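Take a look at the model below. Turn it around once before reading on.

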Amino acid sequence: MLKMLRQIIRVGLVTQAPPVTDPSLLQTRLHEDIHRVFGRALCIRHVDAGSCNGCELEIHALSNPYYNLEGLGIKFVASPRHADALLVTGPVSRHMAQALQRTYDATPEPKLVIAVGDCGACGGVFGESSYASLGGIAQVIPVDVTVRGCPPSPTALLQGILSAVQRQPAGR
Amino acid sequence: MKTTTPFAELDVVWTAMPGALPALRADVGAVQLSQVCQCVRDDGGRLVSLWGEDRRNQDGFRLCVVLELGERLLVVEHPMHSDVPSYPDLSAIFPSAARLQRATFDLLGIRALGGDARPWLRHCAWAADTFPLRGGAVVAAGTPPREPYPFIPVEGDGVHEIAVGPVHAGTIEPGHFRFSVVGENVLRLEAHLGYTHKGIEKRLEGMTLADGIALAARVSGDSTIAFAWAYAMAAEALTDTPVPPRALALRALLLERERLANHLGDIGGIGNDAGLGFGLVQFSRLKEDLLRVNAEVWAARYPMDALMPGGVRADLTPDGAQRLLDSMASMETELRVLRDIYDNHAGLQDRFMGAGCVTPALAQQLGVVGLVARASGQAQDWRASLRMPPYAGSTVTPVVREDGDVAARVDVRFDEAFESLRLCRHFLATMPAGPIRAQLGQVRTGHLAVGGVEGWRGPVLVGLRASADGRIVRCHPHDPSWHNWPAIEHAIMGNIVPDFPLINKSFNLSYSGHDL
């Protein structure tokens, strides 16, 4: 236990300020926006609709102490029933299309959909359409914000999540 | 490389394959196919991969089987001239052949005579009488309704099923798990995969050898360097292209950093699944540090496009090399501190020890590979056995544990992380000067070439055939997860349902790499 405490104290705080794309997008403003739109913490459900798992690695990184997603009032939840937003990686394989649609349907309004990665945007290297793949997320469910990249960095993901929240009118 | 001919009594004619891997190739009839596989099995060898090809524009269908025996690969091709192609079932010899055979039928309509005949990669995207990898195959538009998958039922007093997935509770890939349980005890687990099948092999067809690597590097994102290297190695073998030594050293540097990044992430994740949030925080921080150095040196946190057939895209500057050395020194110190904490944390070790056990005998019987095999007493590591350049001069010793439980898989990762740091220093210290890429030569038309490396998860293999104008005719990327998914179903037996996430994380297998 002492060794763990020593390590925690030695490392200290490494969390960085969230990325600022817009000068008005400050952390206090972000908390207000999340509260204004959802009335509580922003709950995200991740759905892998057929990705290569590269995007998942960077979504994982959002929870590391540098980005500290929970510190911003954003958390990942285990069920679409608890979610305000879906973070969806693609391409959408035909075998995942039904599961993605059902996850979307199970998410209560108001809901946001963030399509992640070049493949989530348009199918990426796997193409726009094939016998096994439908391409981008928007081919199956409505998308609010797209975050490109292969894979997109945690900073880009964070910017995408924040811009999705800020585009929402209160009490949608 | 041994020059003796294997299994002289079988009357099989072996020829050496071109390329960086020590490999022999032979055409075999149906009887010889079974005999070769049985001989390999008897001599302690393993199945590496199995796939089919439609070559009816030449000489019919073909089955390709890659085997590993001692310090070389044996590649056998079995031609089939019938319109209803079939071959002898190999799953009785190599249990992990079963799913590969089912996938081969789903994609090509080449049937194994015997064994499990349920569909595997085909759920509903194409009809049962359509085979997408056959030449001229037309798959009807739209997605037909899902067919119910015939799970094997477990019956008895108080037995019930828990169905999980394909969308899981955490940030992981999609797949379905069917648990048969009594109370909390798992009697049986059956996985149903194929949800992320996105037609990678079909899409590779017709691409140029140069373009194909971008797709190969995205077969399984966490193993991007391993797949890109295996693909490049196959393309270089097919075109008799000598790769500059500096390019090989740079590839190895990237591969070892990929191993390190994944092991760090896994050790933290496994700790977290056993209730130690501290572990996740500390190791995800170390992994982030590594990725940030990647971004400085390779201009990408995950350098998915760093390799190209013939070499690598970008050189390493002296400043970049120094940055790597500096960052590795602090990482090694941190890793020692954290390992000490893990090793001496009673609560953590209590969850790790005895959980999800795969005994050495079971590992050998199932033919598991990679770090899971090494944690179950199997001393196998292509860096040590096949010694593809530049590993020949680095003397890798496989890290082996005998217990086969979660604790062993964590311990192997720790040791391998230190070994990767040592190898990175070795490759930096012995980095040859010179060019970083070579022009690809002429394609050996019609020839099959293989490339492979020991990725962080296990051996990654790519089989490749191309036309004279340098376009891919058939490319099969093979992920080690094929052999290890069935082992999870054994590892969970007798454990409780709440331990499944921990056990599953300790395997950390790829869905995308398996589903293709």
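Predicted model: local features only at pLDDT ≥ 70, side-chain atom pairs only at ≥ 80, totals over all residues.

Residues are numbered from 1 along each chain as its sequence is written, while chains are lettered from A and ligands numbered from 1 in the order in which they are written.

**Chain B as a whole**

Chain B has 16 helices and 15 strands. Helices (H or I, at least four residues) and strands (E, at least two) are DSSP runs, numbered from the N terminus. The radius of gyration of chain B is 22 Å, close to the 24 Å of the globule rule for 516 residues, so chain B is as compact as a globular protein of that length. That radius is taken over C-alpha atoms, and the rule is 2.2 Å times the number of residues to the power 0.38. Along the principal axes, the C-alpha atoms of chain B fill a box of roughly 70 × 60 × 50 Å.

Of the 516 residues of chain B, 56% count as buried. Buried means that 20 or more other C-beta atoms, placed from the backbone, lie within 10 Å of the residue's own.

**One hairpin**

Nine of the ten residues of β3(B) are buried, so this strand is largely enclosed by the rest of the structure. β3(B) and β4(B) form a hairpin with four residues between them. They run antiparallel and are joined by nine bridges. Strands pair if DSSP finds at least two bridges between them. B:R55 has B:G60 in β4(B) as its bridge partner.

Chain B is divided into domain 1 (8–113) and domain 2 (200–434 + 441–509), with bounds from an automatic or database domain assignment. Their C-alpha centres lie 26 Å apart. The contact takes 25 residues from domain 1 of chain B and 26 residues from domain 2 of chain B. Residues are in contact if their C-beta atoms, placed from the backbone, lie within 7 Å. β3(B) gives the most to the domain 1 side, with six residues.

Chain B also touches chain A: the contact takes 45 residues from chain B and 42 residues from chain A. On the chain B side, α7(B) gives the most, with six residues.

The table sorts two sides by class.

Technical notes:
Contact = placed C-beta atoms within 7 Å. Buried ≥ 20, exposed ≤ 12 C-beta atoms within 10 Å, placed from the backbone.
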